[in-house]
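The exercises below are meant for a reader who is meeting this structure for the first time. Please look at the sequence and the model, try each task, and then follow the solution step by step.

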Amino acid sequence: MTKADGSGAVAAPRRGGPRRRRVRPAVPLPLLLPGAVALVFLLLPLVALLVRAPWSSLPSLLTSTEVWQALQLSLICATAATAVSLVLGVPLAWLLARTEFPGRGFVRALVTLPLVLPPVVGGVALLLALGRNGVVGQWLDAWFGITLPFTTAGVVVAESFVAMPFLVISVEGTLRAADPRYEEAATTLGASRFTAFRRVTLPLIAPGIAAGAVLAWARALGEFGATITFAGNFPGRTQTMPLAVYLALQNDPDAAIALSLVLLTVSIAVLGALRDRWMTAS
Amino acid sequence: MTNPHAAADGAPPPQGPPAPDTDACTGGAGGNPHPAEGRAATTHPHPTTHGLHAHLVVTRPAFHLDITLTAAPGEVVALLGPNGAGKTTALRALAGLTPLTTGHLHLDGTELDRTPPESRPVGVVFQDYLLFPHLTALDNVAFGPRCHGATKTDARTQAAAWLDRMGLTEHAGVKPRRLSGGQAQRVALARALATHPRLLLLDEPLAALDARTRLDVRSQLRRHLAEFEAVAVLVTHDPLDAMVLADRLIVIEDGRVVQEGTPADIARHPRTDYIAHLVGLNLYRGRAADGHTVELAAGPVITTTEDLAGDVFVAFPPSAVTLFRDRPTGASARNLWRCEVAGLEIHGDQIRADLTGELSLAADLTTVAAAELDLHPGAPVWATVKAAQTHAYPA
């Protein structure tokens, strides 16, 4: 017994050395292999895009009026859709997070529906609601002479429909995490509930709103299905970048790659803007 | 300098008297809750129009609060009670953050039952202060005046004057997270006072502070509350805070008022085990049988010096108890009980022995005495208390 104890005492420091160097235990192969495949699968298309990019003709491709028009339209429409989402979505998020009303859970589920709805279905639904013969659209046309489908405004409507839920869910989550007693403190100081929201809650949840807005903007920028269904594909009027990429792929693959690179750059920029929120989550 | 609030430190509070006849009410700091009773009764439906008259009833599924609260201007009232007694609910009801189920709330003659919190002349210092983290100390204090219609410049001038009164001028531009606990507490107090409330509510104002800061802040808070000329209600579970800061204590247990009075009165005549424990007394309830003996419900008899009849309380401090290992012979004490040590703990520089047996009681003795008696849990002891050291009063 004493002999075993003695050898153990000698062996302990020797064993402690390598154990300290190898901090983590070995990764099991059944997890490592599929994980590596998944990573390659996600990265390969992006690499292919870079490999096949027509780098020499890129400047001329990107400075053509059609590309410029599509990019400009995309940026304007995505920004307008984000603005619409902010103006309407932040109050909706507040209502969902801070008030009690019957069927709130159901309303919340409805708000998130566009997140999972195929965008083309969203476009069809928008046509039925706001089209010239739509449920509401016919009155818009008859009373105000407003027609939304196949106009730039229609692009904004389609993008807002798809992007707003991202903002609402993001802001609602931030609101739920924020301490509602700050609003109470503000009301005891004489602030109305709206003033409390504007001067206390809004600054406190600003990071969440910004993240939600970036998310909504990125979603609006890439929107394809609802836009082409509801607003069509007219260059300079409703042809946004994703639509231009799809069309260019038929006749001019190089132009499609160039446009895709632009969108990839924008996506990476968005990821950079959100890195504090997502990439430090681990 | 036209700003009327730029009062120097130690000067009278900036609020002027709200009405010419308040002089009858503002002298109430000594603890008399109804100084203007006789005068106002003939002209007003309420005993006094000034100050706070509240009957707060809040009913929730598992909780019922029903307390009556009155306070004169200039008076500081403490709601004292264990956790979950309903103190904070009462405070929230006064502030309008929790609606009253029934009851009423009158402040300076105005009914506030249905008034939303932003329209009540009420200031609140929250337990963890709830200073707005995105605003500087100055803008936190200026928030209230801004909401009451002051211009940005005017609100900031007022806020600067309040911070000056609190001795925080050099911290005006600092965000709350960079303030110490004591500084944050003073900013919170300044923020609540800057709206000129007629009712100031403080929720556990010292609970968030460490022991050392607490001493300083408590004495500063006492000074500021003494200067405050309207009603102040503070909520605490700390009897020392309550007794130092308040003119009058209202003890709440299970949503009801169990005792009310000056700190001295409550410390001398506790009426529930909770208060007796807080002020460190052994408390018993029984019937005065004949003359000086009180029969407790459980059987034992306590001899006192007071001559009372009917239901009475008997209280005596743990230090009045003397312990013996063997039954004392020829002892003058008639109060002699056979007990057993249930537990021992250090209490200051003394040992506190918890005893069970004929009578459950706490006894204080020196460490030397405890060693000589060889006290340990389970040890049998005889406990005596001189009749002169007990105090009996009607229940």
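## Exercise 1: Salt bridges

In this predicted model, A:E184 forms a salt bridge with B:R92, and the closest N and O atoms of the pair are 2.8 Å apart.

Task: Find how many salt bridges the rule gives across the interface of chain A and chain B, and then examine the salt bridge that A:R108 forms.

Solution. 
Step 1. A search across the interface of chain A and chain B by the rule finds 2 salt bridges, while the count over all chains comes to 20.
Step 2. Within chain A, the partner of A:R108 is A:E172, and here the closest N and O atoms are 2.6 Å apart.

## Exercise 2: The interface of the two chains

Task: Describe the interface of chain A and chain B by its residues in contact, by its buried area, and by the residues of chain A that lose the most area.

Solution. 
Step 1. On the side of chain A, 18 residues are in contact with 21 residues of chain B.
Step 2. The area buried between the two chains is about 1800 Å², and carbon and sulfur atoms give 66% of this area.
Step 3. In chain A, the residues that lose the most area to chain B are A:T188, A:L189 and A:R199, which together account for 40% of what that side buries.

## Exercise 3: Helix α8 and two of its partners

Task: Work out how α4(A) and α6(A) are each placed against α8(A), and which classes of residue make up the contacts.

Solution. 
Step 1. The axes of helix α4 (residues 65-98) and helix α8 (residues 152-177), both of chain A, come within 6 Å and cross at roughly 40°, which makes α4(A) oblique to α8(A).
Step 2. The crossing in which α4(A) passes α8(A) is right-handed, and the residues of their contact divide into 22 nonpolar, 4 polar and 4 charged.
Step 3. Helix α6 (residues 119-130) of chain A packs with α8(A) at an angle of about 125°, their axes being 11 Å apart, and that makes α6(A) oblique to α8(A).
Step 4. The crossing of α6(A) and α8(A) is right-handed, and the contact is made by A:G122, A:L126 and A:L130 of α6(A) together with A:V157, A:A158 and A:F161 of α8(A).
Step 5. Sorted by class, this contact of α6(A) with α8(A) has 5 nonpolar residues, 1 polar residue and no charged ones.

## Exercise 4: Helices α2 and α13

Task: Determine the orientation of α2(A) and α13(A), the hand of their crossing, and the residues that meet.

Solution. 
Step 1. The axes of helix α2 (residues 29-51) and helix α13 (residues 253-273), both of chain A, come within 10 Å and cross at roughly 125°, and the two helices are therefore oblique to each other.
Step 2. The crossing of α2(A) and α13(A) is left-handed.
Step 3. From α2(A), the residues A:L46, A:L49 and A:L50 meet A:I257, A:S260, A:L261 and A:L264 of α13(A), and by class this contact has 6 nonpolar, 1 polar and no charged residues.

Methods
Residues numbered from 1 in each chain as written. Chains lettered and ligands numbered in written order. Predicted model: local features only at pLDDT ≥ 70, side-chain atom pairs only at ≥ 80, totals over all residues. Heavy atoms only, no water. Axes fitted to C-alpha atoms, helices over the stretch in contact; angles between N-to-C directions. Helix = DSSP H or I, 4+ residues; strand = E, 2+ residues; numbered from the N terminus. Parallel < 35°, antiparallel > 145°, perpendicular 65-115°, else oblique. Left-handed = near helix turned anticlockwise from the far one by under 90°. Nonpolar A, V, L, I, M, F, W, Y, C, P; charged D, E, K, R; others polar. Contact = heavy atoms within 4.5 Å. Buried area = accessible area lost by both parts, 1.4 Å probe. Salt bridge = Lys/Arg side-chain N within 4 Å of Asp/Glu carboxyl O.
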